[in-house]
Amino acid sequence: MRILSLFFPRLGVQILRATRPELAGHPVGLLAGEGDGALLAAASVEATADGVEPGMTALQARQRCPGISFERDNARECLERLEAVASILRTRATPDVAIVSRNSVAVALDGLEGRFADEAAAAQALLVLVRSWSGLDVRAAVASTVEAAECAARTARRFPVIREYRPAASTMLPRREPVTVSVTWETPATAAAARLRLWNALASLQPALDAYEQSFRTVRVEVERGACRSAFIARTSQPIHRIAEVLDLLRGRVEGGALDGVTALRVTLEQPGPSVSGVPWRPAVATMHQLAAPAVPVQRRLLRAS
């Protein structure tokens, strides 16, 4: 199976500038967090030209680019825009579409052989569809794995890049599913006991979240009191990666006597997506290589021919 990667370079900056046109042409950075220690999630071309890189702290980025403008990270908007693109592709082309990062969507080209002459034609048609529908800068590439296709798409420009076929150990698109945890009791519990059991049950989910490297944007809580059932949904401004963030989100909703008399609780983490948590930047470390022969001093001046 061959994979088409549709890569949206600096998607967060594109979305921001669509609503803030005054930022066009100026160095911009999207911050995840608050203060000088907040990590840079994305940077504009102008900021990158001054040496700013994702993963830097706000202080490091400002030192390299004093004129940079910081805005709040819009990772949730990026994932929602990619979900809209994926929905169009599922409707117009194939159901085998997956969001693989905050900047890219992968499409399995299997089953499209009868609709297009070859991979290049399929990639070009889908690229034109996404560009015309989204109005965003999009690049495309076809390769044998998701990782290779996305890497090639980063180097593409106007037309798709087609990499040669290479057998791959795995060509499966990532499948992401909601995560659910349930807690039940034989007799109604007090509010304090229900909260404690809920926190313990949620804490057991953290290894699963770490293993799958997922994020979630919605938390659904279903409460049972005998035959009575109720539910509420909590949404976040930024995708959730850790159970501690779920606890902070729910804390205000389950304080006091909100869970008094509960016989069952069910918490579902919905709207799964790829991990968009920032990775701290580390400066490149120069390596020393042993010379195969003695070093020859550089000749500063060329001898004039007599």
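Colleague: In the hairpin of β2 and β3, which residue takes a positive phi?

Modeller: Gly33 does, with a phi near 125°, and six residues lie between the two strands of that hairpin. Do keep in mind that this is a predicted model, where local features need pLDDT of at least 70, side-chain atom pairs count only at pLDDT 80 or more, and totals for chains, interfaces and linings use all residues. Residues are numbered from 1 along each chain as its sequence is written, and side-chain values use heavy atoms, with hydrogens and water left out.

Colleague: How many residues of strand β2 are buried?

Modeller: Buried means under 20% relative accessible area, exposed means over 50%, and partly exposed is in between (1.4 Å probe, protein chains only). Strands are DSSP runs of E with at least two residues, helices are runs of H or I with at least four, and both are numbered from the N terminus. In β2 (residues 28–32), four of the five residues are buried, so the strand is largely enclosed by the rest of the structure.

Colleague: Which strands do bridges join to β2?

Modeller: Two strands pair if DSSP finds at least two bridges between them. Four bridges join β2 to β4 (residues 69–72), and these run parallel; here Gly29 has Phe70 as its bridge partner. Another four link β2 to β3 (residues 39–43) in antiparallel fashion, with Leu30 partnered by Ala42.

Colleague: What is the strand order in the open sheet of five strands?

Modeller: The order is β5-β6-β1-β7-β8, with mixed pairing. At the edges are β5 (97–101) and β8 (161–162), each pairing on one side only. Strands β1 (residues 3–7) and β7 (residues 139–143) run antiparallel and are joined by five bridges; Leu6 stands opposite Ala140 of β7.

Colleague: Where is Arg10 found, and what is its phi?

Modeller: Most residues other than glycine have a negative phi. Arg10 has a positive one of about 50°, and sits in the loop between β1 and α1 (11–19). Arg10 is partly exposed, at 33% relative accessible area. Gln271 likewise has a positive phi, near 55°, in the loop between β12 and β13 (273–274).

Colleague: Which residues of α7 are buried?

Modeller: They are Ala191, Ala194, Arg195, Leu198, Trp199, Ala201 and Leu202.
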